[in-house]
Amino acid sequence: MPTILITGANRGIGLNLARLYAADGWKVIGTARKPADATELAALPGNISVEALEVTDHAAIKALAAKLAREAIDVLWNNAGVIGRNAATLGSIDADELRETLMINIYAPILIGEAFTAHVVASQQKKMAFTSSKLGSIAENSGGRYAYGPSKAGLNMACMSFAGDLRSNGVIVLPLHPGHVATDMGGASAPVTPDQSASGMKAIVDKATLADSGKFVDYQGASIPW
Ligand SMILES: NC(=O)c1ccc[n+]([C@@H]2O[C@H](COP(=O)([O-])OP(=O)(O)OC[C@H]3O[C@@H](n4cnc5c(N)ncnc54)[C@H](OP(=O)(O)O)[C@@H]3O)[C@@H](O)[C@H]2O)c1
């Protein structure tokens, strides 16, 4: 039975990824800031365990990696993220929210990727997926989003570093744009359902080989310019 660890698995895209992998027979380790409130995640049918993780807490990341030291993790999915709405517009950038967005969207996935590299290398499938965003595309940026855009562009850069460093270990690194998804972050009127997004990304991760490592694609497989 393959194993996946998903951060931010208590709601939105992460919860839907957890549901799909569990339905496929995987062992799912879902992390949540407040496990006691992660009732939908805990109630999913299948082999689900819920672990506490505030992703910006480096000591907590290392403690979780140590707790799971004997666990081979086939897919490490860095999914937790925030939009940083109050740090988006020139002239009214909230410095604390800018810092928090960069911490959650860049600092955390880098340190989680580092802490769990050995678990991924020890697995059969050896994959690291990152929920990135098209809004991190420098080529497509025409202004604004001072927190979110740079945070996802930085995440993409880190993905390329993981891809380069871990290629010789056979690790496949996949930065993915989930589409504009109807979650708390994406808003109720977003065109893509969480199920469509999670299913699309899962299909891409399922079939990914080392030749796909370091490619930035959306949930339908379309390539996105850096
Ligand atoms: N929705 C979209 O249209 C869209 C588009 C492009 C990319 N994305 C990306 O997709 C990912 C998931 O987004 P979503 O739409 O599912 O958003 P969401 O519904 O707002 O869920 C965000 C998840 O991240 C977790 N999280 C946030 N900060 C955290 C922290 N400091 N420590 C631990 N967990 C934390 C949240 O936990 P809590 O419940 O504890 O807050 C929640 O589980 C994000 O990386 C986002 O940037 C989304």
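Is K126 buried or exposed, going by its C-beta neighbours inside 10 Å? K126 counts as buried, because 21 C-beta neighbours lie inside 10 Å. Here a residue is called buried if 20 or more other C-beta atoms lie within 10 Å of its own, exposed if 12 or fewer, and partly exposed in between, with C-beta atoms placed from the backbone.

## About the model

This is a predicted model, in which local features need pLDDT of at least 70, side-chain atom pairs count only at pLDDT 80 or more, and totals for chains, interfaces and linings use all residues. Residues are numbered from 1 along each chain as its sequence is written.

## Two loop residues with positive phi

Let's stay with K126 for a moment. Its loop runs between α5 (117-121) and β5, and its phi is near 55°, a positive value in a residue other than glycine. The helices and strands named here are DSSP runs (H or I, at least four residues, for helices; E, at least two, for strands), numbered from the N terminus.

R145 also has a positive phi, near 50°, and is a residue other than glycine. R145 sits in the loop between β5 and α6 (148-166), and it counts as buried because it has 21 C-beta neighbours inside 10 Å.

On one pairing, β4 meets strand β1 (residues 3-6) in the parallel sense over 3 bridges; two strands are taken to pair if DSSP finds at least two bridges between them. L76 is the bridge partner of L5. On another, β4 and strand β5 (residues 127-131) run parallel and are joined by 4 bridges, with V75 opposite K127.

V205 belongs to helix α7 (residues 194-207) and is buried, because 22 other C-beta atoms lie within 10 Å. Beyond its neighbours within four places in sequence, V205 is in contact (C-beta atoms, placed from the backbone, within 7 Å) with V75, K127, A129 and L174. L174 is 31 residues away from V205 in sequence, yet their C-alpha atoms are 7.5 Å apart.

Not counting residues up to four places away in sequence, M128 touches L76, G113, V120, F162, V171, V173 and L174.

## Helix α3

In helix α3 (residues 58-67), I61, L64 and A65 are buried. Down the helix axis, these buried residues fall within an arc of 100°, so they line one face of α3; the arc is that of the directions from the axis to the C-beta atoms. They pack against β3 (47-52) and α4 (95-115), while the face turned away from the buried side carries the exposed residues A59, A66 and K67.

## Around the ligand

The ligand is surrounded by 27 residues, and the closest are G8, G12, G81, T183 and G186.

Methods:
Two residues are in contact if their C-beta atoms, placed from the backbone, lie within 7 Å. A residue is near a molecule or strand if its C-beta atom, placed from the backbone, lies within 6 Å of it.
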